[in-house]
Amino acid sequence: MPTLGEVLDEKEICICAGSGGVGKTTTSAAIAVGMASRGLKVCVLTIDPAKRLADSLGMEELGNEARQVDPALFERQGVEMKGELWAMMLDPKQTFDELIARQAPDEESRDRVLENRIYQQISNALAGSQEYMAMEKLFELHTEGEFDLLVLDTPPTRNALDFLDAPKRLTQFIEGRSLKVFMKPTGLAAKVAGRGASVALSVFKRIVGFDLIADLAEFFNAFSGMVDGFQARAKRVNKLLSDPGTCFLVVCGPQGEPIDEAVYFHRKLVEAKLPFGGVIVNKVHYPAEQLRGDAVEDLPAALTEKLGDADLAQRVAANFADYQALAERDARNIEHLASELRTQSVIRVPYLDEDVHDLAGLAEIDRYLFATSEERVEMAAGRA
Ligand SMILES: Nc1ncnc2c1ncn2[C@@H]1O[C@H](COP(=O)(O)OP(=O)(O)OP(=O)(O)O)[C@@H](O)[C@H]1O
Ligand SMILES: [Mg+2]
């Protein structure tokens, strides 16, 4: 089984997808650190990272553009860095604005859209805009070609698949009937903008106020000039996602439900002919091998001797038994996952004692992410 380093070796894009809270942001950051430390120029596009993680990467004041993480940070935290790590926090609204600016035929139409109140509402609320904008940014950075590898964190969608459908949804929105009605030369927009507004419309205007209608009409008029550009772009984004240089990693937790979601997500990737790179099970309870076997039988006694408190020893022993039960459950779930995916390439990352909030924590995650097969066996047995 190839190591993650080998899987990602010739890749230009790595997308970490999975359901909410499983560790996508942490994993993306750790992968970026790992590949950069191996000598690549890597940029991680992250979404809403925990504040402490962002702070520790010096990202607190990141805008919608990539910045290099200070190499001195790695030295200070004892992480060897042969390449360069760049990071950016995705700002969907800003990306949408930039996209409009790029697609607009001239400055005047650009400003007309950007200043339009309807646009301001839509750009904030457009379904899937966060997912779509993540991919827009990815596409843009890939086209610029500044980096060896782009690692994309994905937003906490209820359903990991929303993310895959995002380009399609935007195209559908643009091609959709509501927009068409507005954008036809004889459509509502033209009627509103024209002088011969119907009685019905004038009533409507009185009810909702003229400005809303005018804004709406103006927005759709201005937007209509950009539809072709959007469609072409959404197609190119889709193409990039299925490129062999792209690799999807499915991140999940070891419990039943996240495992089922990962199985489902994997199947959808295969159906959509998108390149699947592997699955990462995060927050796994590893069995504590050292304490297994005979020792467990006498654990309360052994603990009482050590702790000098029988009551406490009982509780610690019970706790330990619970933990072992969790570890066994996780192992069963992971076995199920591997057989469903017909792969042995399941990477396990343990539930660390502490939140992952600095480079040292990410480096610890990397020990597991980038381990060789032999190292994985050792680690899974709790011996490493
Ligand atoms: N292996 C781990 N051990 C311990 N804590 C972890 C581990 N992986 C992630 N965490 C912690 O779990 C929390 C959630 O992780 P993270 O933000 O990466 O999840 P996410 O999938 O990006 O969530 P969301 O779907 O909300 O974006 C963070 O506080 C992180 O530090
Ligand atoms: Mg996240």
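This is a predicted model: local features need pLDDT of at least 70, side-chain atom pairs count only at pLDDT 80 or more; totals for chains, interfaces and linings use all residues.
In which helix is Leu369 found?

## Overall architecture

The secondary structure of the protein consists of 20 helices and eight strands. Of its 384 residues, 48% are buried. Among contacts between residues at least 6 apart in sequence, 78% join residues at least 24 apart.

## The sheet

Eight strands form an open sheet with mixed pairing, in the order E3-E4-E2-E5-E1-E6-E7-E8. Strand E3 (67-68) and strand E8 (346-350) stand at the edges with a single partner strand each, so one side of each has no neighbour in the sheet.

Strand E2 (residues 41-46) and strand E5 (residues 149-153) run parallel and are joined by four bridges. In this pair, Cys43 stands opposite Leu150 of E5. The loop between E5 and helix H9 (160-175) holds Thr154. With a relative accessible area of 4%, Thr154 is buried, and its side chain reaches the backbone oxygen of Cys16 at 2.9 Å.

## Helices across the sheet

Helix H2 (residues 24-37) lies across several strands, including strand E1 (13-17), strand E4 (84-89) and strand E6 (246-252). The angle between H2 and E5 is about 165°. Helix H18 lies across E6, E7 and E8, and runs at about 170° to E7.

H18 covers residues 310-340, a total of 31 residues. From its first C-alpha to its last, H18 reaches 45 Å, close to the 45 Å expected at 1.5 Å a residue. At the start of H18, a side-chain oxygen of Asp309 comes to within 3.0 Å of the backbone nitrogen of Asp311. Just after H18, Arg342 takes a positive phi of about 45°.

Which residues of H18 are buried? They are Ala313, Ala317, Phe320, Gln324, Ala327, Asp330, Asn333, Ile334, Leu337 and Ala338. An α-helix has 3.6 residues a turn, so residues three or four places apart point the same way.

## The ligand site

There are 18 residues around ligand 1, and those that come nearest are Gly21, Gly23, Lys24, Thr25 and Thr26. An N or O atom in the side chain of Lys24 is 2.7 Å from an oxygen atom of the ligand.

Backbone atoms also take part in polar contacts with ligand 1. A polar backbone atom of Val22 is 3.2 Å from an oxygen atom of the ligand. For Val356, a backbone N or O atom lies 2.9 Å from an oxygen atom of ligand 1.

Leu369 is found in helix H19 (residues 359-369). Is Leu369 buried or exposed? Leu369 counts as buried because its relative accessibility is 0%, below the 20% cut-off for burial. Leu369 and Ile31 are 338 residues apart in sequence, yet their C-alpha atoms are 7.7 Å apart in space. Leaving aside residues up to four places away in sequence, Leu369 touches Leu4, Thr27, Ala30, Ile31, Ile280, Ile347, Val349 and Arg376.

Met379 lies in helix H20 (residues 373-380). Met379 is buried, with a relative accessible area of 6%. The C-alpha atoms of Met379 and Arg348 are separated by 9.0 Å, and these residues are 31 residues apart along the chain.

Definitions and conventions: Residues are numbered from 1 along each chain as its sequence is written. Chains are lettered from A and ligands numbered from 1 in the order in which they are written. Side-chain values use heavy atoms; hydrogens and water are left out. Helices (H or I, at least four residues) and strands (E, at least two) are DSSP runs, numbered from the N terminus. Buried means under 20% relative accessible area, exposed over 50%, partly exposed in between (1.4 Å probe, protein chains only). The expected span of a helix is 1.5 Å times one less than its number of residues. A polar contact is a pair of N or O atoms within 3.5 Å; within protein, one must be able to donate a hydrogen and the other to accept it, and residues adjacent in sequence count only if both atoms are side-chain atoms. Two strands pair if DSSP finds at least two bridges between them. Contact means heavy atoms within 4.5 Å. Axes are lines fitted to C-alpha atoms, for helices over the stretch in contact, and angles run from 0 to 180 degrees between N-to-C directions. A residue is near a molecule or strand if one of its heavy atoms lies within 4 Å of it.
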